[in-house]
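This report goes through one structure part by part. Please look at the sequence and the model shown here before reading on.

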Amino acid sequence: MYELIVVGGGPAGLAAACAAWDAGLRSILIVERDRELGGILNQCIHNGFGLTWFKEELTGPEYAHRFVELLSRTGVEVRTDTMVLDVTADLSVHMTGPETGYRVERAKSVILAMGCRERTRGAIGIPGTRPAGVYTAGAAQRYVNIEGWLPGKRVVILGSGDIGLIMARRMTLEGAKVLACVEVMPYSGGLTRNIVQCLEDFGIPLYLSHTVTQIRGRDRVSEVVVSRVDENRRPIPGTEMVFSCDTLLLSVGLIPENELSERAGVTIDPRTKGPAVYENMETSVPGIFSCGNVTHVHDLVDFVSAESRRAGEAAANFVLKGPAAGEAVELLNGPGVSYTVPQRVRPGNVEKALNVFFRVNRIFGKSQIVVSRGDRELCRFKRDRLAPGEMESVTVPVKLLEGGPEPVAIAVKEAE
Amino acid sequence: MADVVIIGCGAVGAATAMELSRYKLELVILERENDVAVGTTKANSAILHAGYDPRPGTLMARLNVRGSELCRAYCHALDVPYRGCGSMVLAFSEEERETLRELLDRGVKNGVPGLELLTGDQARAREPELADTVQAALWAPTAAIVSPWEMCLAFAETAVKNGAQLRLNACVTGIERRGEGYTVHTAQGDVEARYVVNAAGVDSGAVHDMAAPHSFDITPSRGEYYLLDKAEGARVNTVIFQCPTKLGKGVLVSPTVHGNLIVGPNAEPSEPHDEATTAGGLAFVKERALLSVPGIDFSKSIRNFAGVRANTGRDDFLIGCPAPGFLDLAGICSPGLTSAPAIGEYAVELLAREGLALEKKEHFDFSRRRVRFKELSPEAREELVRRDPAYGRVICRCETVTEGEILACLRTPIPPVSVDGVKRRVNAGMGRCQGGFCAPRVVEILSRELHLSPGEIVKDRAGMKMLARETKGGEADV
């Protein structure tokens with residue numbers, strides 16, 4: 001029996017395993033479905049990773065490599081080319097791989113770190129034909145950066161999520177012509193730095209409040225139709241623009257991959273589409289923790305590493321010291337907030353202060369983030385600008401959260 | 001000279017080829033695309049109808065009921081996913097209750113077993129997600145769901161295993177009467193045969209006109225669908241129809257054998273190969289489906305598609321010989337998939353009447369099995385991976401499809417040549433990520449096994465190239 005099995009060897013799983021080792025666990029297994037550790041970072045060959053965590057600018061593979069190095073100095077066991085098929089509530093982990101074989105391993109704790117997947121054409125229901133040439137941005141990134149093949153030469157990108165923006169630049173550098181990036185919302189879903197460095201620097205137009213309303217072409221995409229949308233995101237007839245292209249890339253959102261979590265009986269938060277977690281990243285099932293994009297979709301891997309260390313330490317505490325106790329306080333979305341992680345806090349289990357991640361539900365200018373309990377304000381934080389595409393966090397002194405089970409709400413108030 | 005050439009390898013052509021392959025005959029199957037089961041067969045409701053819809057006394061009525069029985073037996077024998085889940089037709093008004101009584105009456109006349117009228121409450125007791133507005137339902141226990149492309153593939157593979165020759169990418173361009181038989185011109189050269197079977201689906205009108213005087217028009221009708229994630233797969237347990245109208249059987253809500261929920265279709269006049277979905281069509285389908293099952297969560301949609309049916313405006317299939325030795329299996333609209341094996345059986349009978357000599361083979365191979373890793377017990381998985389490690393490597397994570405299964409399908413009698421061809425055989429890419437993760441790996445496997453450059457791998461039909469060119473520095477000549 002392992003003290004800890006980590007499902008997934010991407011940035012979340014790597015940081016969690018290292019932290020659990022540092023915290024004293026000595027029998028840890030990472031199970032990774034790909035042939036190498038590092039997860040999606042391996043195909044993210046652009047820079048911009050690590051500014052917060054390592055205080056320097058790294059590429060995705062470099063960032064992953066730092067953790068693989070750290071891991072190699074521990075006794076953590078790794079099985080690559082091995083996929084976990086099932087995690088049961090009694091912490092049996094079913095896995096399969098050509099070398100691993102099919103086997104079931106028991107564990108005292110499990111960390112879920114499976115990451116996320118991309119929303120597809122079917123999820124957003126773009127009408128039209130079904131030719132070759134419609135790819136999610138991440139699949140295109142894999143073709144270009146791992147397989148060494150350019151999927152198309154004249155490209156329209158739907159969605160201004162970060163992967164789409166990165167791929168606009170990447171495809172351009174490879175000699176493709178990126179005609180437009182089209183975003184249904186009135187603001188971009190990506191980081192500001194990516195809008196500037198990946199679109200503006202290359203003269204690629206960004207059409208806000210627009211969407212793709214039709215795909216044309218029998219064998220290969222030949223045209224896409226783009227329409228302006230009204231405030232309810234409905235296409236406005238008469239605003240159609242036709243782009244002649246051979247490729248449509250979709251960067252229309254990421255969904256945490258929680259099929260394993262659900263099978264294990266873990267409660268999923270409909271807001272994050274990931275496990276609802278306590279302050280230490282523990283899920284509703286004792287001994288199962290979750291971190292990284294399987295919990296909620298992050299913009300920056302640095303925050304994944306931070307959160308995952310928390311999960312790794314907590315798993316070690318669970319195994320070495322026993323379950324965390326104490327009454328939980330629920331964190332609620334106040335006006336302007338679309339989710340918080342963690343969703344529940346046991347103040348007795350927090351040392352000094354609690355770091356709460358959250359996203360806002362629209363663009364805000366100069367604002368105050370207000371933490372309150374009922375009518376009572378606990379604390380507030382100033383921000384110059386808030387956007388749904390950029391994850392926010394506040395650090396709340398744990399003292400303020402003590403004193404009974406009454407829920408605490410986080411809200412945004414824009415300055416008048 | 002072949003004995004029989006069959007034009008088209010959808011469900012009807014494949015079933016006919018399989019029935020003929022029981023006999024000592026030289027058979028050639030011509031298919032215009034690079035794979036079988038890629039026309040109407042792959043894009044429909046995936047329902048095996050019980051047989052209460054067709055007008056009593058028609059060929060359609062007889063072949064539907066017989067086909068329903070045969071599909072069940074054949075799917076069992078050939079390892080095709082099949083679930084006898086039954087169906088309900090819903091009535092929302094007194095007028096529609098009258099329609100249910102008519103359908104019951106037709107069903108009884110057509111010999112459909114087990115039909116039963118349910119009250120709204122009885123229907124909801126069986127299907128709790130049905131709308132409160134449902135007043136009554138017609139229950140048909142013999143309706144079933146199936147994997148349509150796998151059924152067609154199983155029929156075609158059986159024909160090929162028993163000696164039939166399948167020519168892919170062989171679009172028929174002309175047919176000439178020559179002495180005792182016909183010369184069929186195709187994109188892959190000429191084929192001579194004593195008998196010709198026209199199973200060309202939406203093109204059956206055009207093929208008919210090559211050999212006989214014009215006598216009917218195919219007026220294709222396009223139906224659009226939603227396919228929803230497995231999270232919605234148990235929303236209903238049986239096939240939920242609305243009352244049929246002149247346009248078709250209406251919008252249905254049904255589980256699929258793969259565990260998803262299928263919703264559709266509408267019915268719009270279309271061109272023969274126009275498989276485009278439309279915003280209006282999809283909105284209509286959604287709105288109609290919610291009348292039956294208000295709780296469907298359409299945010300769980302993973303795919304939309306459209307299929308074209310070979311309607312003729314008549315209420316029967318057009319089966320017969322318009323020229324000596326030339327058999328039309330035309331106008332095979334719904335319930336064509338269900339009827340296919342019965343049409344195949346009937347086609348043999350009609351060809352015999354035209355003079356085709358039938359002598360049974362001593363040995364007819366009627367077996368088919370494939371490994372479905374996902375459905376195996378832990379012990380069986382362990383044993384399989386030990387024997388062949390390729391079964392340990394999961395390529396499609398959403399559907400748990402292993403490399404071993406993909407390699408095995410490449411060694412079947414009709415191996416796939418495209419990413420979607422692999423999908424139709426082993427389900428890789430059929431799940432919630434729609435191939436986002438596994439398509440690059442399937443491209444890699446196809447490229448390796450077929451000895452093709454990744455740039456030559458197609459998504460589905462010939463010409464549907466996935467990749468444009470190698471990245472900078474990747475070209476051999478730089």
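The model is a predicted one.

## Domains of chain A

Chain A is divided into three parts: domain 1 covers 1–117 + 254–324, domain 2 covers 120–252, and domain 3 covers 327–416. Between the C-alpha centres of domain 1 and domain 2 of chain A the distance is 31 Å. The contact between these two domains of chain A involves four residues of domain 1 and seven residues of domain 2. On the domain 1 side of this contact in chain A, one residue is nonpolar, two are polar and one is charged.

## Two sheets in chain A

One open sheet in chain A has three strands in the order E6-E7-E8, paired antiparallel. Its edge strands are E6 (83–87) and E8 (101–106) of chain A, each of which pairs on one side only. Direction ignored, neighbouring strands of this sheet are turned by 25 degrees against each other on average. Four bridges link E6(A) with strand E7 (residues 92–97) of chain A in the antiparallel sense, and A:Met83 stands opposite A:Thr96 in E7(A). A helix of chain B, H9 (residues 378–387), lies across E7 and E8 of chain A and runs at about 130 degrees to E8(A).

Another open sheet of three strands in chain A has the order E25-E27-E30, again with antiparallel pairing. Strands E25 (337–341) and E30 (392–397) of chain A each have a single partner strand, so each has one side without a neighbour in the sheet. E25(A) is joined by four bridges to strand E27 (residues 353–360) of chain A, and the two run antiparallel. Within that pairing, A:Thr340 has A:Phe358 in E27(A) as its bridge partner.

## Nonpolar cores

The largest nonpolar core has 148 residues, and those that touch the most other members are A:Val7, A:Ala16, A:Ala17, A:Ile111, A:Leu248 and B:Val442. Helix H1 (residues 11–22) of chain A gives the most to this core, with nine residues. What does A:Val7 touch, leaving aside its neighbours within four places in sequence? Its contacts are A:Val31, A:Val84, A:Val87, A:Val110, A:Ile111, A:Leu112, A:Ala113, A:Met114 and A:Leu260.

## Contact between chains A and B

Chain A brings 43 residues to the contact and chain B brings 44 residues. On the chain A side, the elements that give two or more residues are E6, E7, E8, strand E10 (116–118), helix H3 (121–124), helix H4 (137–147) and strand E12 (149–150) of chain A. H4(A) gives the most to this side, with six residues. The residues on the chain A side divide into 15 nonpolar, 16 polar and twelve charged.

Strand pairing also links the two chains: E12(A) and strand E23 (residues 469–470) of chain B run antiparallel and are joined by two bridges. A:Leu150 has B:Arg469 in E23(B) as its bridge partner.

## A buried strand in chain B

Strand E7 (residues 136–140) of chain B is largely enclosed by the rest of the structure, because five of its five residues are buried. Both faces of E7(B) are covered, with B:Ala136, B:Leu138 and B:Ala140 buried on one side and B:Ala137 and B:Trp139 buried on the other.

E7(B) pairs antiparallel with strand E5 (residues 87–91) of chain B over five bridges, and with strand E6 (residues 116–119) of chain B over four bridges, also antiparallel. B:Ala136 in E7(B) stands opposite B:Ala91 and also opposite B:Thr119.

## A buried helix in chain B

Is helix H11 (residues 419–426) of chain B largely enclosed or exposed, and why? Eight of the eight residues of H11(B) are buried, so this helix is largely enclosed by the rest of the structure. Among these buried residues are B:Val419, B:Asp420, B:Lys423 and B:Arg424. The cover over them includes helix H5 (148–161), strand E22 (401–402), helix H10 (403–409) and helix H12 (439–450) of chain B. After H11(B) comes B:Asn427, which has a positive phi, near 80 degrees.

Conventions: Residues are numbered from 1 along each chain as its sequence is written. Chains are lettered from A and ligands numbered from 1 in the order in which they are written. This is a predicted model: local features need pLDDT of at least 70, side-chain atom pairs count only at pLDDT 80 or more; totals for chains, interfaces and linings use all residues. Two strands pair if DSSP finds at least two bridges between them. Axes are lines fitted to C-alpha atoms, for helices over the stretch in contact, and angles run from 0 to 180 degrees between N-to-C directions. Domain bounds come from an automatic or database domain assignment. Ala, Val, Leu, Ile, Met, Phe, Trp, Tyr, Cys and Pro count as nonpolar, Asp, Glu, Lys and Arg as charged, and the others, Gly among them, as polar. A nonpolar core is a set of buried Ala, Val, Leu, Ile, Met, Phe, Trp, Tyr and Cys residues joined through C-beta atoms within 7 Å. A residue is buried if 20 or more other C-beta atoms lie within 10 Å of its own, exposed if 12 or fewer, and partly exposed in between; C-beta atoms are placed from the backbone.
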